[in-house]
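Hello,

Here is the structure I promised to pass on. Have a look at it first, and my notes follow below.

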Amino acid sequence: MNAIKHSRIMEILERETGGHSYKSHKYSLDDSERSPVEYGEASKSIQWKRRGETKDIRAYVSLVELSHQIRGGEQLFTYFLDGSRHVYKVDDMGFEKSGNRTAIYPIIAGQIGIGCCRRENKRMYCEKFEREIVVAMPDIAQSSGKKQGFLTATAQKLNAGTELARISSSGWKFSTILSYKSAKEEREYNDKGTAQIQNRMMENEQKMVANLVSEKKLNDTNFLVKDGSLEYRPSKAMRNNEREYQKFKNNYDYVIGVSKKFNPEVCLVLGDKPNPGFIAKLPPYHRTPVAYFTDPDFLGDIGFAVWYIRVRDQARTRTPFDGIVKVEKILVTSGEVANGMDSDLVDLISAHIINERNPVCYGSDMRWANHLYPIYLTERYVKSHYLSTESFLHLF
Amino acid sequence: MNRLIGRVLATEKNPTTMDKFSFWTEQNEKLNAFDIVKVKHLDGSFTFGVIENISHITDATSFLTNFISSDFGDVSVEEQTFRVGMNYAEAKVSFNDCYLYTPVHNNAEVYLATKEEVTFALGLKDVDNPLVCGSLKMYEGTPDEINLPVHLNSKFLLGPEGAHLNISGISGLASKTSYAMFLMKAIQDQYLSSSNTDDSVAFVIFNVKGRDLMAIHKPNEFDGNTKLHDKTLADYAEMGLTTDPFKKVRYFIPFSEATSAKRSTYLDPDDIDDYINTDILRKFKYVYEDDKESIEMMFANTDDPQQTMESIISKIIDDDDPDFRNLATWADCMEKVAEKSQKGSGGKGEDISVLSWRKFKRVFRKAIQDDMFANRADSQKHECRLGDALKTIKPNEVCVIDIAKLPEDKQAFVFGDTMRTLYNLKLGEYDGEDGVAPPSRLIIFIDELNKYASKDIPKGSPILRQILEVTERGRSLGIVLFAAEQFRSNIVDRVTGNCSTHAYGRTNSIETATKDYSSLPGTYKNMLTRLEQGDYLIQNPIFRSLLKIHFPRPIYKQFK
């Protein structure tokens, strides 16, 4: 145990896996590329079936009046959730293979932070915050391949190390070790490791939503706005357990996902051909009709209502797509799945989103035209808790 | 009860230093400049700081960000979420209870201080020879408000450690006279109750405006406002002062003939009779034989580059001068001067030209036209020579000299003559005379010091010379000058520089832009322009920093 206590993270990993650390160059992977997983939208199997709302709307819907009417009234969005991760390549490790060969794989580590802020009387407060450090290693790092709990046990050992003792008081811990497939594929190992960490982050986001639901915080007057897409891939275990699956879907009754960025090429709005122009020409404070889409391969039978809202005048933005946000809502009830979302609710949510356009984060974020300020604050709150790149890399 | 209100900020650009630190607070935390805060520091010690400035910031990177947040200039737009903001205060280190002046650390806890801690931090605890100079409020307008009397060491106001007080501020709003009177009231209270026979004090006060100080022995009636009356009396009692007006007061008004249409005082004839009946008022006169040495005071504001006026005055006061010896009255002197001014009077060997005599005559004649320049003072008619009356001033006495109705040149004459008499008294020049037993300290109060010691006054002015004598040597002699003026920057530096205590009342921004105020932080300068009536910033060697104090309304009678 003493040996662990006084060891650096990589030494512990070497000892536990029997691999060899090459002490190679450590660097951040965030700058080099964005998220390698284009989950959801990029999927080829995406299906835009029909309209996703109760009314048969084919043109833009003006929300100027409604947003004006509800201005200054009760807020609809109370909770704001944002998860993010920073990913680093911390080492290369060699593992012996048959024939006296040694295969080298990158070790990817990441910091994951999930934060949820609550708004009361126009002021933001922290509701929940979780952070963890994860390491992604190739699956062959576990020599037996079958030993239950090996990854968690190793994580425990990492937590006992000296390096982590310094930062554990501020809430940092190794939660688990993730493993990526070592089989040769098109994708690079770095991407595979990063994808594992991204998945872990999404799992953590889902857990936080589940916690908010179980604490009965979310209801029809206290919605949660999640930064980004809601296109979570249900786990295999979940798909096999109908009850769990329905519970997962129910958790999203009062949750909407608001994305700042979206791929205009897959902006299919009513019809089966891409029509990005339809969105680009969206007048200010209008929304598009709601589309219903599913992605059976990736998302199972979960159906989504998707629509776009322009929150800022195009004359004031750089590109036609600046100032437009994409809104997603999981269709929960069978009625919703069959007939789409209630158009009045869509209008109400949209009007509230339009009213969230001020204040702006102009000057501190390039994406100011697409940002909603409470989300921006939540994002800032989460990011302010990260270890600096230097401190983080020094752990390894 | 110490309440945690924030944490210290130390960044690369804004580090904490031995002198200063900044801390953040929640944006609705109410604090004021001059409030004391307490910061947890090394070895369990606490560093105390005085707040100098408070700023409010938000995450908006520029004004443009805010403009854009109103839909590009729609003034009716209300934000759905308040922009994240905080207040940060800049504080000056005043004290560490373990004398550790290493800069306070980032994120150190910042608390409000208790009454005892405030007293300690400001250097007000266990002050020797305490003399109350007002009260101060901390955390004003909050449930944590603290009110405490401020004491200074009287040896640093009245000597011998430090002496003289300078009060500055614009008329009406600063209440300069009221503050000087409040301090003198506190001093009289202290000396009246003191059993120390070696140390005594007396006051000479000039009344320069209306009847302002002509009834300081009578209580303030507060226009029948009993609430105000009770509150003021309670304020005095809380500061440990009596609620009586001044005691042992004597008034001196310039003599004027009963038949003269011109009056020499604003005091009502009824009051004059009343005061005479109670034997507290005398009409003062100047008698040629005894007061001719003060003739130079009549020339205080006259330029005399060739010193011819000085030569004439020397000639007049020379007892061996063939022309001016043995003259008995002002009229005799005037006659002689007129003679000298005659055409052709300047014979051979005369070193003073007729023109100079004529200039002298003009000023002199105008000056002595007043009734107070008389042949003799008749004590039966309650008249006196001012010099004689002042020589016999007794401990705890307050002599009020009314010069309000005199023209400016005669005001200067009376002031200069009084200063000289008192200075000579303390020098011991009259020690051999009967009834002369001056108190160990004499306080002279004059408003509108700028008339006598402004930077525009001719360098050779005898009054300025006298004031400089008093401010530079008075501390050891026991003469203390309490002076007030509108604009401090206008006063000769040697005068203000010798004052140990400075009271800054409300003034204007032109004044605070002068170099006299350059040592004050910007916030304090701005504060000076909006101080309430009765508020002062006080500087005294024993205070660890400038203090903002408040003093109660006058306890003596006020005239509308």
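For the helix packing that comes first, axes are lines fitted to C-alpha atoms, for helices over the stretch in contact, and angles run from 0 to 180 degrees between N-to-C directions. Helices (H or I, at least four residues) and strands (E, at least two) are DSSP runs, numbered from the N terminus. Please keep in mind that this is a predicted model, in which local features need pLDDT of at least 70 and side-chain atom pairs count only at pLDDT 80 or more, while totals for chains, interfaces and linings use all residues. Residues are numbered from 1 along each chain as its sequence is written, and chains are lettered from A and ligands numbered from 1 in the order in which they are written.

In chain B, helix 8 (residues 330–340) packs against helix 9 (residues 354–368) at an angle of about 155°, and their axes are 9 Å apart. The two helices of chain B are therefore roughly antiparallel (the word applies to angles over 145 degrees). Residues are in contact here if their C-beta atoms, placed from the backbone, lie within 7 Å. On the helix 8 side of chain B the contact includes Trp330(B) and Met334(B), and on the helix 9 side Trp357(B) and Phe360(B) are among the residues they meet.

Now to strand 15 (residues 398–402) of chain B. Five of its five residues are buried, so strand 15 is largely enclosed by the rest of the structure (buried means that 20 or more other C-beta atoms lie within 10 Å of a residue's own, with C-beta atoms placed from the backbone). Val398(B), Val400(B) and Asp402(B) lie on one side, with Cys399(B) and Ile401(B) on the other. Strand 10 (residues 201–207) of chain B runs parallel to strand 15 and is joined to it by five bridges (strands pair if DSSP finds at least two bridges between them). Here Phe206(B) is opposite Ile401(B). Strand 11 (residues 249–254) of chain B is also parallel to strand 15, through four bridges, and Arg250(B) stands opposite Cys399(B).

Chain B also has a closed barrel of six strands in the order 1-2-5-4-3-6, with antiparallel pairing. The twist averages 45° from one strand to the next. Strand 1 (residues 4–9) and strand 2 (residues 20–25) of chain B are antiparallel over four bridges, with Arg7(B) opposite Trp24(B).

Finally, the two chains meet: 18 residues of chain A are in contact with 18 residues of chain B. Helix 13 of chain A gives the most to its side, with three residues.

Best wishes

Conventions. Buried ≥ 20, exposed ≤ 12 C-beta atoms within 10 Å, placed from the backbone. Parallel < 35°, antiparallel > 145°, perpendicular 65-115°, else oblique.
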